[in-house]
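This report goes through the local geometry and packing of one protein chain. The model and its sequence come first.

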Amino acid sequence: MELTGKRITLGVTGGIAAYKAAELVRLLIKQGARVQVAMTEAATHFVTPVTFQALSGNTVFSDQWDPRVANNMAHIDLSRDADVLLIAPASADFLAKVANGLADNLLSTLTLARDCPLLVAPAMNRQMWENAATQRNIATLRGDGVTVIGPARGEQACGETGLGRMIEPEDILAEVIAFFQPKHLAGKKLLLTAGPTFEAIDPVRGITNLSSGKMGFAVARAAQEAGAEVTLVCGPVSQPTPRGVMRIDVISALEMHTEVMQRAATQDIFIGVAAVADYRPATAAEHKIKKDGSAAPPIELVQTPDILADVAALPSPPFCVGFAAESQNLAEYAQKKRAAKKIPLIVGNLIQDGFGGDNNTLILFDDNGQRPLSPAPKIELARQLVAHIANLLENR
Ligand code: PMT
């Protein structure tokens with residue numbers, strides 16, 4: 001429930017993507033938001049107000065002169081009662097109206113009368129999007145502090161392919177959630193690792209571990225929401241990339257080391273969430289190792305480079321944060337790792353809590369002592385970690 005208590009006025013304008021706004025209402029409500037829908041007259045040709053009314057549980061307004069509004073001030077009431085006004089889909093015509101301050105229907109009037117932030121998710125034909133007039137309007141809106149979400153590239157209802165599709169409801173939801181997060185790391189560059197590594201024995205076998213990547217991806221998302229420019233180097237995982245995060249996929253510890261070391265010196269923050277293999281086979285067999293009845297073949301192991309320690313040893317290192325997963329003596333082992341790698345902050349978790357699941361329990365160890373974070377979804381803990389890092393950076 002990441003939007004509990006938030007009041008969202010959703011404006012729906014005329015376009016085929018209006019049908020996706022119905023799903024968006026469902027998703028927003030599932031996250032605890034209170035949604036009030038207002039539609040343009042054109043939008044009602046695509047989806048009826050009854051659909052939005054049933055999904056939102058609130059009366060839907062589309063007419064400025066609606067006799068149900070006792071004071072005839074729907075345009076004021078709808079905008080005053082919101083934490084954010086979200087227009088999805090936002091047609092080219094509607095964006096042009098907002099950019100130029102026009103107020104000729106209920107939705108454009110309440111948009112002009114709003115005293116809350118405005119988010120728009122454009123949806124239109126690719127030529128309409130590329131048109132100089134639309135681009136001018138979008139630049140004006142951005143200059144006025146409006147948050148523009150999307151559009152996406154892809155197949156369009158008209159049969160053409162290009163930029164102009166409304167981004168998917170799940171992605172709009174993620175943007176709305178991100179919008180409400182404090183921007184602790186605005187302007188910061190953050191690099192992190194996530195997931196396991198895979199150290200090949202032969203073309204089909206290898207040494208790896210049970211890290212799912214969930215904790216690292218949650219930290220990447222939380223840092224992006226907090227305004228950081230995030231680069232995520234991850235081992236083999238099947239997690240979706242958080243919006244706005246640059247992802248680099250690797251397989252082995254050596255590849256992870258190379259990708260991290262190429263970028264680390266220009267970062268403000270580095271976080272090692274990955275469960276990196278400490279050892280790898282000295283050589284990987286070119287062909288599949290066959291069972292030929294003789295003794296099992298020995299596998300000679302060599303140590304992998306310690307990515308976190310190498311980043312921390314740079315002449316001018318970023319603020320380095322490590323993770324430690326232990327099955328016992330968490331505080332003692334985590335502190336030892338913090339000292340050995342010479343890093344200001346290490347995040348401890350128990351193996352049984354951390355690996356694989358959606359929730360975790362963390363303890364943060366730094367120069368000020370230790371701070372436990374209660375059991376919670378990984379994204380919630382990641383947001384608390386990001387706030388803690390921002391605080392340490394500020395008071396450094
Ligand atoms: O991916 P999930 O399923 O969500 O699980 C999350 C997690 C349990 C993997 C994560 O929360 C976690 O604890 N990651 C660190 C695992 C660990 O114990 O790593 P380590 O003790 O081997 O390494 C300590 C630190 O050094 C880590 O920050 C690690 O990224 C880093 N390291 C380790 C070895 C190495 N060769 N290079 C490194 O950078």
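In this predicted model, the charged end of Lys6 is placed over the ring of Phe180, 4.8 Å from the ring centre. Phe180 also takes part in ring pairing: with Phe179 it forms an aromatic pair. The count of such pairs is 1. Phe179 and Phe180 are arranged edge-to-face, at 5.7 Å centre to centre and with 80° between the planes. The pair counts as edge-to-face because planes over 60 degrees apart fall into that class.

**Overall extent**

The protein chain has 396 residues, of which 48% count as buried. Its secondary structure comes to 14 helices and 19 strands. The C-alpha trace spans about 85 × 50 × 40 Å along its principal axes. Among contacts between residues at least 6 apart in sequence, 67% join residues at least 24 apart.

Helix α1 covers residues 18–30. The buried residues of α1 are Ala18, Lys20, Ala21, Ala22, Leu24, Val25, Leu27 and Leu28. An α-helix has 3.6 residues a turn, so residues three or four places apart point the same way. Elements covering the buried residues of α1 include the strands β1 (7–12), β2 (34–39), β3 (84–90) and β7 (161–165), together with the helices α2 (49–56) and α8 (169–179). Just after α1, Gly32 has a positive phi of about 95°.

In α8, the buried residues are Pro169, Ile172, Leu173, Val176, Ile177 and Ala178. Their cover includes β1, α1, β3 and β4 (118–122), as well as α9 (214–225) and α14 (378–394).

**Packing of α4 and α5**

Two packed helices are described by the angle between their axes and the distance between the axes. For α4 (residues 92–99) and α5 (residues 106–113), the angle is about 35° and the axes are 10 Å apart. The crossing of α4 and α5 is right-handed. At this contact, Phe94, Lys97 and Val98 of α4 meet Leu107, Ser108 and Thr111 of α5.

Thr9 is in strand β1 and is buried, with a relative accessible area of 1%. Which residues does Thr9 touch, not counting those up to four places away in sequence? They are Gln36, Leu78, Ala82, Val84, Leu85, Leu86 and Leu110. The C-alpha atom of Thr9 is separated by 8.4 Å from that of Arg34, 25 residues apart along the chain.

Thr231 is in strand β11 (residues 229–234) and is buried at 9% relative accessible area. Beyond residues up to four places away in sequence, Thr231 touches Leu190, Leu191, Leu192, Met246, Ile248 and Arg263.

Ser212 is in the loop between β10 (206–207) and α9. Its relative accessible area of 17% makes Ser212 buried. Apart from neighbours within four places in sequence, Ser212 is in contact with Val237, Gln239 and Gly356.

**Backbone exceptions**

Most residues other than glycine have a negative phi, and most peptide bonds are trans. The table lists backbone values that depart from this pattern.

| Site | Feature | Value |
|---|---|---|
| Ala88 and Pro89 | cis peptide bond | omega about 0° |
| Gly150 to Pro151 | cis peptide bond | omega near 5° |
| Asn329 | positive phi | phi near 45° |
| Lys342 | positive phi | phi about 55° |

Pro89 is in strand β3, whereas Pro151 is in the loop between β5 (147–148) and β6 (152–155). Asn329 is in the loop between β16 (319–326) and α12 (330–341), and Lys342 is in the loop between α12 and β17 (345–350). Lys342 is exposed, with a relative accessible area of 70%.

Definitions and conventions
Residues are numbered from 1 along each chain as its sequence is written. This is a predicted model: local features need pLDDT of at least 70, side-chain atom pairs count only at pLDDT 80 or more; totals for chains, interfaces and linings use all residues. Side-chain values use heavy atoms; hydrogens and water are left out. Rings of Phe, Tyr and Trp (its six-membered ring) pair if their centres lie within 6.5 Å; planes under 30 degrees apart count as stacked, over 60 as edge-to-face and the rest as tilted. A charge sits over a ring if NZ of Lys or CZ of Arg is within 6 Å of the ring centre and within 35 degrees of the ring normal. Helices (H or I, at least four residues) and strands (E, at least two) are DSSP runs, numbered from the N terminus. The expected span of a helix is 1.5 Å times one less than its number of residues. Buried means under 20% relative accessible area, exposed over 50%, partly exposed in between (1.4 Å probe, protein chains only). Contact means heavy atoms within 4.5 Å. Axes are lines fitted to C-alpha atoms, for helices over the stretch in contact, and angles run from 0 to 180 degrees between N-to-C directions. A crossing is left-handed if the near helix is turned anticlockwise from the far one by less than a right angle, and right-handed if clockwise.
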